[in-house]
Amino acid sequence: MKAVVAQMPAHWLADRMNSEIAQWDEMWEGVLHMPPAPNRFHQNFELRLAVYLFVHWVPRMGGRVHQQVNLTPPADEAHWTLNFRIPDLVLLSPDRFHIERNEYMAGAPLVVVEIKSPGDETYDKLPFYAALGVLEVWVFDRDTKAVELRTLTAGPAYTLLDPDADGWVRSPASGVQFRPVPGNKVRVRIGEDDATGEDLPEA
């Protein structure tokens, strides 16, 4: 059920901010968005993908991978708590390390990853990421692990990338590739060396 509250009572807001679930709350141009906590399947897939990227992508590219990061436009940095989104994962290339702050990032990561749950606001975040200048957005379906890779084009907006003849869809920005496999999993590899590939989640 979706509800809109024109003005949050102070005691509701205080209770929310003191709860563990507030860690997933976002502010969209001063409007509080309160998604439900990710379920176990969501969190398990997120962790497995993050570990794969830490082990295989980070050493090759010299990049960084972070979970649950507050992203804000550089122009809003002085008041970043009024306008931020929280993707499940972000990939940073070395030329983007300068956007990192302690509590947030002011600017565009190389890639953001969203794990889509039924009824969530994944697609509503795309214009924000495009305006920020994020080169790619990876969207995974929480339940089927179907993957959509979107690359930034003019507008700015995103274009959905098509898989190749073997079913692999490749990230131009990172070199990571994905292909659906039976059992609601996705195979991930880097480059053409299939020896590094894994089926996620493993369990």
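Strand 13, residues 185–190, is largely enclosed by the rest of the structure, because 5 of its 6 residues are buried. Buried here means under 20% relative accessible area, with a 1.4 Å probe and protein chains only. Strands are DSSP runs of E of at least two residues, and helices are runs of H or I of at least four, both numbered from the N terminus.

This is a predicted model, in which local features need pLDDT of at least 70, side-chain atom pairs count only at pLDDT 80 or more, and totals for chains, interfaces and linings use all residues. Residues are numbered from 1 along each chain as its sequence is written, and side-chain values use heavy atoms, with hydrogens and water left out.

Now the neighbours of strand 13. Two strands count as paired if DSSP finds at least two bridges between them. Val176 has Ile190 as its bridge partner, and Val181 has Lys185. The two strands form a hairpin with 3 residues between them, and Gly183 in that turn has a positive phi of about 90°.

What does strand 13 pair with over 3 bridges? That is strand 14, residues 198–200, again in the antiparallel sense. Here Val186 stands opposite Leu200.

Put together, this is an open sheet of 4 strands in the order 11-12-13-14, with antiparallel pairing. Strand 11, residues 169–170, and strand 14 are the edges, each pairing on one side only. Helix 2, residues 40–61, packs on the sheet and touches strands 12, 13 and 14; contact means heavy atoms within 4.5 Å. The direction of helix 2 makes about 10° with that of strand 13. For such angles, axes are lines fitted to C-alpha atoms, for helices over the stretch in contact, and the angle between N-to-C directions runs from 0 to 180 degrees.

Some detail on helix 2. Its buried residues include Phe45, Leu49, Leu53 and Trp57, and also His42, Glu46 and His56. Helix 2 bends by about 40° at Phe54, the bend being the angle between axes fitted to the seven residues ending there and the seven starting there. After the helix comes Gly62, with a positive phi near 70°.

Terms used: Buried means under 20% relative accessible area, exposed over 50%, partly exposed in between (1.4 Å probe, protein chains only).
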